[in-house]
Amino acid sequence: MAVTLGVVDLPGRECSVAAARRYVADLLTASGHVDVDDVVLAVSEVVTNAVVHTASGGEGGVVTVEVTHLGPCLVCVEVIDDGPSASRVPPGVPVMRRHQEEETALETGGRGLWLVDEVTESWGVRQVEKGRVAVWMRISTSAKTAGA
């Protein structure tokens, strides 16, 4: 049974990445989930993408994080941004870069959605109200066992 654990709106600034990580980790551990590192990593990557690559990173932009409990060891997290930025070329939805498309081994960016793909059960993108875009992720966790 799906239960929304929490929703938070954060300003579209770099400092919101750390705030999103803390929010999700605290929310999940308080609801009995353990081993939430993969969830926190995926949230960090997607919120960073929202701040850097979408209109959320512009003046007055917002990133929304919604966390839903799907079962004792499964959660869904949606990161909702303000949609394509006018300065992003080409505008559109997030696309995962394959390893062979990377230009150099020293490149520090461009692997975020690859990491998301590696640590999630599934993920995708959907359009939501007023041009906003949601990246959803279903991610396994562990639940506390009786007596733990």
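Residues are numbered from 1 along each chain as its sequence is written, and side-chain values use heavy atoms, with hydrogens and water left out. Because the model is predicted, local features need a pLDDT of at least 70 and side-chain atom pairs count only at pLDDT 80 or more, whereas totals for chains, interfaces and linings use all residues.

The protein chain has an average pLDDT (the predictor's confidence in each residue, from 0 to 100) of 86, and 80% of the residues score at least 70.

An open sheet is formed by 5 strands in the order β1-β3-β4-β6-β5, with antiparallel pairing, where two strands pair if DSSP finds at least two bridges between them. Its edge strands, β1 (3–11) and β5 (122–127), each pair on one side only. On average, neighbouring strands of the sheet are turned by 15° against each other, direction ignored. Strand β5 is joined to the antiparallel strand β6 (residues 133–140) by 6 bridges, and S122 stands opposite R138 in β6. In the hairpin of β5 and β6, with 5 residues between the strands, K130 takes a positive phi near 55°.

Helix α2 (residues 37–53) and helix α3 (residues 112–119) have axes that come within 9 Å and cross at roughly 150°, the axes being lines fitted to C-alpha atoms, for helices over the stretch in contact, with angles from 0 to 180 degrees between N-to-C directions. Helix α2 is therefore roughly antiparallel to α3, a class that requires an angle over 145 degrees. The contact (heavy atoms within 4.5 Å) is made by D38, L41, A42, E45, V46 and N49 of α2 together with G112, L113, L115, V116 and V119 of α3. By class, this contact has 7 nonpolar, 2 polar and 2 charged residues, with Ala, Val, Leu, Ile, Met, Phe, Trp, Tyr, Cys and Pro counted as nonpolar, Asp, Glu, Lys and Arg as charged, and the others, Gly among them, as polar.

Terms used: Helices (H or I, at least four residues) and strands (E, at least two) are DSSP runs, numbered from the N terminus. Angles under 35 degrees count as roughly parallel, over 145 as roughly antiparallel, 65 to 115 as roughly perpendicular and the rest as oblique.
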